[in-house]
Amino acid sequence: MRRTEVDGLRVTWRLVQHHLIAIVAVDNASDASPVASFCPSNYPDLALARELLPELTRLWDAVRHEFWTKLIPPLPLAAGQRAFA
């Protein structure tokens with residue numbers, strides 16, 4: 001399980017097969033009161049969570065950022081290869 005916090009909200013999420021993000025719940029970070037929770041048999045992926053709760057865009061963006069930067073780090077460049085901006 002992973003947790004990401006933004007703007008006083010905390011999302012609990014996990015990785016499932018093939019690097020798919022499953023959203024478990026969203027709570028208020030200060031008191032853990034629920035904002036949204038999902039059934040274990042039907043956790044939404046990140047795309048569906050964005051559709052269900054579009055007002056939490058900054059939270060979903062933070063989950064995506066954590067996924068790509070911490071869990072799937074970029075491959076090192078080969079010697080002599082340049083990165084293009």
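Reader: Is Phe 67 buried or exposed?
Author: Phe 67 is buried, at a relative accessible area of 5%. Buried means under 20% relative accessible area, exposed means over 50%, and partly exposed lies in between, with a 1.4 Å probe and protein chains only.

Reader: What kind of model is this?
Author: The model is predicted: local features need pLDDT of at least 70, side-chain atom pairs count only at pLDDT 80 or more, and totals for chains, interfaces and linings use all residues. Residues are numbered from 1 along each chain as its sequence is written, and side-chain values use heavy atoms, with hydrogens and water left out.

Reader: How many aromatic pairs are there?
Author: Rings of Phe, Tyr and Trp (its six-membered ring) pair if their centres lie within 6.5 Å; planes under 30 degrees apart are stacked, over 60 edge-to-face, and the rest tilted. The count by this rule is one aromatic pair. Phe 67 and Trp 68 have ring centres 5.0 Å apart and planes at 80°, so the pair is edge-to-face.

Reader: New topic. Where is Asp 7?
Author: Asp 7 lies in the loop between β1 (2-6) and β2 (9-16). Strands are DSSP runs of E with at least two residues, numbered from the N terminus. Phi of Asp 7 is positive, near 55°, and the residue is not a glycine.

Reader: How do β1 and β2 pair?
Author: β1 and β2 pair in the antiparallel sense over five bridges; strands pair if DSSP finds at least two bridges between them. Arg 2 stands opposite Trp 13 in β2.

Definitions and conventions. Helix = DSSP H or I, 4+ residues; strand = E, 2+ residues; numbered from the N terminus.
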